[in-house]
Amino acid sequence: METEKVVSEMEELPKTIVRRVVKDKFNECSPDTDITVNKDSLLAFSESARIFIHYLSATEAITNHLIHDVGVFSTKANDICKESKRQTINADDVLKAIEEIDFPEFVGPLKASLDG
């Protein structure tokens, strides 16, 4: 019975590069010992690296989204501040902005956190 390949070839990391990185790191940690990496170990390192790369990509996407949201909140809070003819944004401006941008569920916990 042949096992199905779960990872597409496009997502696989080049085995020679993974082997070189792993062996270089082992040599760095144990310079006096010649360590051999078997096929299963190499596959485990490769899969771990592939999953970590996906994690980093997802983390970057989330970070970019959060940066965008903070920009939207900041712009809205600034508009609220200007409408009140003030030059300094305060916590109430931010809370009102969050509520107006359709995130009212965050207002209560944020107020509680600010009131500390």
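Visitor: Is L56 buried, partly exposed or exposed?

Guide: A residue counts as buried under 20% relative accessible area and as exposed over 50%, with partly exposed in between. L56 has a relative accessible area of 43%, so L56 is partly exposed. Keep in mind that this is a predicted model.

Visitor: Where does L56 lie, and which residues form a patch with L56?

Guide: L56 lies in helix 2, which covers residues 39-83. Together with F52 and Y55, L56 forms a nonpolar patch on the surface. The accessible area of the three together is about 330 Å².

Visitor: How many helices and strands does the chain have?

Guide: The protein chain has 4 helices and 0 strands. Read along the sequence, the pattern is α-α-α-α.

Visitor: What does the radius of gyration say about the overall form?

Guide: The idea is to set the value for the chain beside the value for a compact globule with 116 residues. Such a globule would have a radius of gyration near 13 Å, but this protein chain has 25 Å. The C-alpha atoms fill a box of roughly 70 × 40 × 25 Å along the principal axes.

Visitor: How many salt bridges does the structure hold?

Guide: To find a salt bridge, look for a side-chain nitrogen of Lys or Arg within 4 Å of a carboxyl oxygen of Asp or Glu. The structure holds 4 salt bridges. One of them joins the side chains of E28 and K25, at 2.9 Å from N to O.

Visitor: Why are E28 and K25 separated by about one helical turn?

Guide: E28 and K25 are 3 residues apart in helix 1 (residues 15-29), so about one helical turn separates them. E28 is exposed, with a relative accessible area of 58%. K25 is partly exposed, at 44%.

Visitor: Which residue meets E47 in a salt bridge?

Guide: The side chain of E47 meets that of R50, again with 2.9 Å from N to O. E47 and R50 both lie in helix 2, 3 residues apart, which is about one turn of the helix. E47 is partly exposed, with a relative accessible area of 24%, whereas R50 counts as buried at 14%.

Visitor: Which residue forms a salt bridge with R86?

Guide: R86 pairs with D93, and the closest N and O atoms are 2.7 Å apart. R86 counts as partly exposed, at 29% relative accessibility. D93 is buried, with a relative accessible area of 3%.

Visitor: How many disulfides does the structure hold?

Guide: The structure holds 0 disulfides. C29 is exposed, with a relative accessible area of 55%, and C81 is buried, at 0%.

Visitor: In which helix is E99 found, and what is E99 in contact with?

Guide: E99 is found in helix 3, residues 91-100. At 45% relative accessibility, E99 counts as partly exposed. Leaving aside neighbours within four places in sequence, E99 is in contact with P104 and V107.

Visitor: What is the phi of D102, and where does D102 lie?

Guide: D102 has a positive phi of about 75 degrees, and D102 is not a glycine. D102 lies in the loop between helix 3 and helix 4 (107-115). With a relative accessible area of 61%, D102 is exposed.

Methods. Residues are numbered from 1 along each chain as its sequence is written. This is a predicted model: local features need pLDDT of at least 70, side-chain atom pairs count only at pLDDT 80 or more; totals for chains, interfaces and linings use all residues. Side-chain values use heavy atoms; hydrogens and water are left out. Patches are made of residues with over 30% relative accessible area and no salt bridge: like charges are joined within 9 Å, nonpolar side chains (Val, Leu, Ile, Met, Phe, Trp, Tyr) within 5 Å. Accessible areas come from the Shrake-Rupley method with a 1.4 Å probe; for residues, only the protein chains shown count as cover. Helices (H or I, at least four residues) and strands (E, at least two) are DSSP runs, numbered from the N terminus. Buried means under 20% relative accessible area, exposed over 50%, partly exposed in between (1.4 Å probe, protein chains only). A disulfide is a pair of cysteine sulfur atoms within 2.5 Å. Contact means heavy atoms within 4.5 Å. The radius of gyration is taken over C-alpha atoms; the globule rule is 2.2 Å times the number of residues to the power 0.38.
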